[in-house]
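Thanks for coming, everyone. Please bring the structure up on your screens, and I'll walk you through it.

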Amino acid sequence: MSQFTDLSTLDGALLRYRVLAYIVGTGLALLVFVGVPLQAAGYPQLVTIAGPIHGVFYIVYLVMALDLARRARFSLVEMFAMIGAGLIPILAFVIERRITRRVRAGAVEPWQLPAFLRRGQSPATP
């Protein structure tokens, strides 16, 4: 079985997505619920430090979310929900939970390399 048809690649993509969803969700909640009030009170240090870190992790999160969406063949709505989850506090945890349940329930059809590109197989003739 090739790496493109192995279901473990979907499990790996899900794990990477989940880890980044928790990191981004926690970072955003920290920024919004702690950093912004502290900044308003005259202590901008937390936002100055945590803001760029969250930004870097959000970019990595986007790559992992798009990778999982491609592998699991999610709809555009699901993809946009995953992308938006890193921008709205607490939503990352909700969307992560829904995506994880859907993938673990087997409600997705993993992406496969087209038959004519698979190693050792010739294109099917009609």
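What percentage of the residues of the protein count as buried? The answer is 29% of 126 residues. Keep in mind that this is a predicted model.

First, the layout. The protein has four helices and zero strands. Read from the N terminus, the order is α-α-α-α. Now take the contacts with a sequence separation of 6 or more. Of these, 70% join residues 24 or more positions apart.

Next, the core. The largest nonpolar core holds 23 residues. Seven of them touch the most other members: Tyr 17, Tyr 61, Leu 68, Phe 74, Met 82, Ile 99 and Val 103. Which elements give two or more residues to this core? They are H1, residues 7-40; H2, residues 45-72; H3, residues 76-84; and H4, residues 91-104. As background, nonpolar side chains in soluble globular proteins tend to be buried together.

In general, two packed helices are described by the angle between their axes and the distance between the axes. Here, H3 and H4 pack at about 140 degrees, and their axes lie 9 Å apart. The crossing of H3 past H4 is left-handed. By type, the contact residues of H3 and H4 are five nonpolar, one polar and two charged.

On to H2. This helix has 28 residues. From first C-alpha to last, H2 reaches 40 Å, close to the 40 Å expected at 1.5 Å a residue. Which residues of H2 are buried? They are Ala 50, His 54, Tyr 58, Tyr 61, Met 64, Ala 65, Asp 67, Leu 68, Ala 69 and Ala 72. Note Tyr 61 and Leu 68, which we met in the core. Note also that His 54 and Asp 67 are on the buried list.

Arg 73 follows H2, in the loop between H2 and H3. Phi of Arg 73 is near 55 degrees, a positive value in a residue other than glycine. Ile 90 sits in the loop between H3 and H4. Phi of Ile 90 is near 75 degrees, again positive in a residue other than glycine.

Last stop, Arg 104 in helix H4. Is Arg 104 buried or exposed? Arg 104 is exposed, because its relative accessible area is 56% and the cut-off for exposed is over 50%. Setting aside neighbours within four places in sequence, Arg 104 contacts Leu 14, Arg 18 and Arg 97.

Over to you for questions.

How values were computed. Residues are numbered from 1 along each chain as its sequence is written. This is a predicted model: local features need pLDDT of at least 70, side-chain atom pairs count only at pLDDT 80 or more; totals for chains, interfaces and linings use all residues. Side-chain values use heavy atoms; hydrogens and water are left out. A nonpolar core is a set of buried Ala, Val, Leu, Ile, Met, Phe, Trp, Tyr and Cys residues joined through side-chain atoms within 4.5 Å. Buried means under 20% relative accessible area, exposed over 50%, partly exposed in between (1.4 Å probe, protein chains only). Contact means heavy atoms within 4.5 Å. Axes are lines fitted to C-alpha atoms, for helices over the stretch in contact, and angles run from 0 to 180 degrees between N-to-C directions. A crossing is left-handed if the near helix is turned anticlockwise from the far one by less than a right angle, and right-handed if clockwise. Ala, Val, Leu, Ile, Met, Phe, Trp, Tyr, Cys and Pro count as nonpolar, Asp, Glu, Lys and Arg as charged, and the others, Gly among them, as polar. The expected span of a helix is 1.5 Å times one less than its number of residues.
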